[in-house]
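Let's take a walk through this model, starting at the ligand and ending at a pair of helices. Have the viewer open as you read.

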Amino acid sequence: MRATEWPASPRPPVRLLLQWGVSALREAGIETARLDAEVLLADVLGCSRAQLFARFHDSVGRREAAAYRGLVVRRARGEPVAYILGRREFYGRAFYVDRRVLIPRPETELLVERALTLLEGRPRPLVADIGTGSGAIAVTLAAERPDLRVIATDVSAGALEVARLNAERHGVADRVDLRLGHLLEPLDEPVDLIGANLPYVGTEEAKRLPRDVVQYEPHEALFAGPEGLALIRELFASLQPAHLKPGGAVLLEVGYGHGREVVNLACQQWPQANVRLHKDLAGIERVVEINFLSPATGEV
Ligand SMILES: C[S@@+](CC[C@H](N)C(=O)[O-])C[C@H]1O[C@@H](n2cnc3c(N)ncnc32)[C@H](O)[C@@H]1O
């Protein structure tokens, strides 16, 4: 059998199915071929990746083998594993995802951590998550802090539908208020914290993005003008004192290489604010934190 030939046996063992999947994905240029083949087969068999190896020589039924083959073909065409499986883990919870939303990234967990730290000692905080997408940030904050409420906004009605499913799945729908609208426009009361992971890829950068990102993830969730800063600039320009409670803060996830520029923009606009830049686990400047220490003034 050539590596990419489908096994001849009608009930092939796990071992041969994995071998076929890895070869087919490598041939398609998928860098994570082994991991992806394992994850897809484990999903079809309803077991963990570790359990797959205990079943290495077990035969797989015709229907399950065919289902696995279909998933590998989708992956080989470039579809991300998270969309194929309909889920992605974020901050230890499984989020439903489909092509209406950006797949939550591990680096965004830094924004959640900073938010939880900033909100310590603030009873019953109200947070705004601008550009909520799957609801990863909003739902996680509500699940981590049972006394917290979130206003979660997006310009995409489809994304809000996905966020609603996730809020229900994690039992926080009564504290996640989903609103359709542009940036801060849906806000009608001051919040303790504004968090936003807005689109930050420059349109000129599109050619350098992985193929599966550009082909499958919503462009509305990725791109923000030629350099990727258009929406962050607009958010800054529209931020008014009425948006934040006294001593409130803003947390923004920023793109690779954008950290210093966003810090400079914030310092120019609010010279009295305390502005900090946080690195993610890969050492990349990822989250800009703006603390408005004094009661809200004309400068926010
Ligand atoms: C990078 S994704 C982030 C999704 C999610 N918060 C996360 O961290 O995984 C950006 C989200 O912002 C939304 N968005 C784009 N333009 C927006 C705007 N002008 N106002 C509000 N949301 C916007 C997109 O639809 C998308 O869901």
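A polar contact here is a pair of N or O atoms within 3.5 Å. Keep that cut-off in mind, and keep in mind too that this is a predicted model.

With that in hand, look at D154: an N or O atom in its side chain sits 2.6 Å from an oxygen atom of the ligand. Now find H182, where a side-chain N or O atom is 2.9 Å from a nitrogen atom of the ligand. On its own the ligand has 600 Å² of accessible area, and the protein covers 95% of it.

Step back to the whole shell. There are 18 residues around the ligand, and G131, D154, H182, L183 and N197 come nearest. By type, the shell splits into eight nonpolar, eight polar and two charged residues.

Next, move to helix α2 (residues 33-45) and helix α4 (residues 62-76). Their axes come within 9 Å and cross at roughly 145 degrees, and the crossing is right-handed. On the α2 side, the residues in contact are D36, A37, L40, L41, V44 and L45, while α4 brings E64, A67, Y68, L71, V72 and R75. Nine of these contact residues are nonpolar, three are charged and none is polar.

Terms used:
Residues are numbered from 1 along each chain as its sequence is written. This is a predicted model: local features need pLDDT of at least 70, side-chain atom pairs count only at pLDDT 80 or more; totals for chains, interfaces and linings use all residues. Side-chain values use heavy atoms; hydrogens and water are left out. Axes are lines fitted to C-alpha atoms, for helices over the stretch in contact, and angles run from 0 to 180 degrees between N-to-C directions. Helices (H or I, at least four residues) and strands (E, at least two) are DSSP runs, numbered from the N terminus. A crossing is left-handed if the near helix is turned anticlockwise from the far one by less than a right angle, and right-handed if clockwise. Contact means heavy atoms within 4.5 Å. Ala, Val, Leu, Ile, Met, Phe, Trp, Tyr, Cys and Pro count as nonpolar, Asp, Glu, Lys and Arg as charged, and the others, Gly among them, as polar. A residue is near a molecule or strand if one of its heavy atoms lies within 4 Å of it. A polar contact is a pair of N or O atoms within 3.5 Å; within protein, one must be able to donate a hydrogen and the other to accept it, and residues adjacent in sequence count only if both atoms are side-chain atoms. Accessible areas come from the Shrake-Rupley method with a 1.4 Å probe; for residues, only the protein chains shown count as cover.
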